[in-house]
Amino acid sequence: MDASTIIAASVGGVLIGLSAAIFLLFNGRIAGISGVVGGLLAPKAGDWGWRAAFLGGLLAGGALLMMLYPEAFPAEVPRSLPVIGAAGLLVGFGTRLGSGCTSGHGVCGLSRFSVRSAVAVGTFMTTGAITVFVMRLVTGG
Amino acid sequence: MRHVVAAVAGLIFALGLGISGMTDPGKVIGFLDVGGAWEPALAFVMGGAVVVYALAYRLIVRRPRPVVEVKFSLPTAKKVTTSLVVGSALFGIGWGLGGYCPGPALTSVVSGSWEVGLFVVTMLAGMGLHQVWERLSARGSAAAAPAPAAPLAEGPLKGVDA
């Protein structure tokens with residue numbers, strides 16, 4: 001872990017915090033990605049546009065990164081396609097059942113000293129670490 | 001106006017994810033590899049974000065209302081439920097398997113990699129599956145207990161944290 005990695009991580013974190021703060025100040029909402037996007041799948045009247053706009057911004061940000069900082073996206077992902085497919089299912093179902101992901105519970109919830117979010121973060125960090133540990137045993141990597 | 005703010009917030013969020021290293025599943029898996037060659041750098045992502053948001057949150061919620069909307073829409077649920085724990089546990093397993101959580105996966109879609117494309121498709125399928133499952137269980141409990149108060153109180157509020 002070198003200084004540039006830590007600086008990049010911190011700068012990125014500050015931007016994420018800033019984005020969530022802007023969203024709260026203007027729109028009064030929590031910037032939780034799984035909630036914002038999940039709500040698009042069951043649209044209620046008048047509740048669709050801002051979600052689509054947020055997702056559009058996220059995709060536009062990805063495109064901007066692709067142009068200016070393509071290193072953000074690695075050429076190789078250390079997992080096979082079947083594992084990635086299963087991972088997506090678990091992430092989608094789990095974040096909706098658990099009412100949040102790394103952004104809603106992690107960034108926003110912990111900042112608000114929410115007990116629910118602290119429990120959620122402790123839980124997904126633990127099962128995430130156990131999964132990585134088991135995957136290393138299974139794949140021998 | 002609310003749409004412009006949402007789009008700008010989404011854009012800054014994506015830039016933050018990309019700059020921080022969260023869009024690199026290898027780094028995320030390294031961060032979760034506490035029992036192996038642990039790479040703790042990504043802790044600074046959450047650290048940086050929480051410091052900024054924790055300060056901003058306290059200043060912002062003193063306002064009578066947000067700038068654009070008429071009121072704040074903040075999570076009201078307080079109870080630690082089985083759904084919260086089981087859902088978070090499943091999410092963690094998926095996070096450790098794939099190295100992607102929802103934000104970084106969606107941000108990476110434009111990179112055109114097959115892996116991210118597949119992840120996002122199955123993630124959306126998982127979200128849809130949860131919706132179906134919730135609807136079925138709401139119908140089941142409504143049939144078991146005719147008082148509709150429980151599913152109504154639980155349903156719409158559940159997604160509010162995120």
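Is B:Phe91 buried or exposed? In this predicted model, B:Phe91 has a relative accessibility of 0% and therefore counts as buried, the cut-off for that class being under 20%. Because A:Phe124 sits in helix α6 (residues 115–139) of chain A while B:Phe91 belongs to helix α4 of chain B, the pair joins two chains. A:Phe124 is likewise assigned to the buried class, with a relative accessibility of 0%.

Over all chains, the structure contains 9 aromatic pairs. Ring pairs also gather A:Phe23, A:Trp50, A:Phe54 and B:Phe13 into a cluster, with members from chain A and chain B.

Attention now turns to the interface as a whole. Chain B contributes 105 residues to the contact and chain A contributes 104 residues. Between them, the two chains bury an area of about 9500 Å², and carbon and sulfur atoms account for 76% of it. The polar side of the interface comprises 20 residue pairs in polar contact, counting pairs with both residues at pLDDT 80 or more. On the side of chain B that touches chain A, at least two residues come from each of α1, α2 (25–32), α3 (43–60), α4 (82–98), α5 (102–108) and α6 (114–144) of chain B. Of these helices, α1(B) gives the most, supplying 17 residues. By residue class, that side of chain B consists of 64 nonpolar, 29 polar and 12 charged residues. The salt-bridge count between the two chains is 1, and the side chains involved are those of A:Arg136 and B:Asp33, with an N to O distance of 2.9 Å.

A closer look at helix α1 (residues 2–20) of chain B brings B:Ser20 into view. With a relative accessibility of 4%, B:Ser20 is classed as buried. Its side chain comes to 3.3 Å from the backbone nitrogen of B:Met22. Beyond its neighbours within four places in sequence, B:Ser20 touches residues of both chains: A:Ala8, A:Ala9, A:Gly12 and A:Gly13 in chain A, together with B:Leu42 and B:Val45 in chain B.

Finally, chain A can be considered on its own. Its secondary structure consists of 6 helices and 0 strands, which follow one another along the sequence in the pattern α-α-α-α-α-α. Taken along the principal axes, the C-alpha atoms of chain A fill a box of roughly 50 × 35 × 30 Å. Chain A has 141 residues, of which 55% count as buried. Where contacts in chain A link residues at least 6 apart in sequence, 39% of them join residues at least 24 apart.

Definitions and conventions
Residues are numbered from 1 along each chain as its sequence is written. Chains are lettered from A and ligands numbered from 1 in the order in which they are written. This is a predicted model: local features need pLDDT of at least 70, side-chain atom pairs count only at pLDDT 80 or more; totals for chains, interfaces and linings use all residues. Side-chain values use heavy atoms; hydrogens and water are left out. Helices (H or I, at least four residues) and strands (E, at least two) are DSSP runs, numbered from the N terminus. Buried means under 20% relative accessible area, exposed over 50%, partly exposed in between (1.4 Å probe, protein chains only). A polar contact is a pair of N or O atoms within 3.5 Å; within protein, one must be able to donate a hydrogen and the other to accept it, and residues adjacent in sequence count only if both atoms are side-chain atoms. Contact means heavy atoms within 4.5 Å. Buried area is the accessible area (1.4 Å probe) that two parts lose on being put together, summed over both. A salt bridge is a side-chain nitrogen of Lys or Arg within 4 Å of a carboxyl oxygen of Asp or Glu. Ala, Val, Leu, Ile, Met, Phe, Trp, Tyr, Cys and Pro count as nonpolar, Asp, Glu, Lys and Arg as charged, and the others, Gly among them, as polar. Rings of Phe, Tyr and Trp (its six-membered ring) pair if their centres lie within 6.5 Å; planes under 30 degrees apart count as stacked, over 60 as edge-to-face and the rest as tilted.
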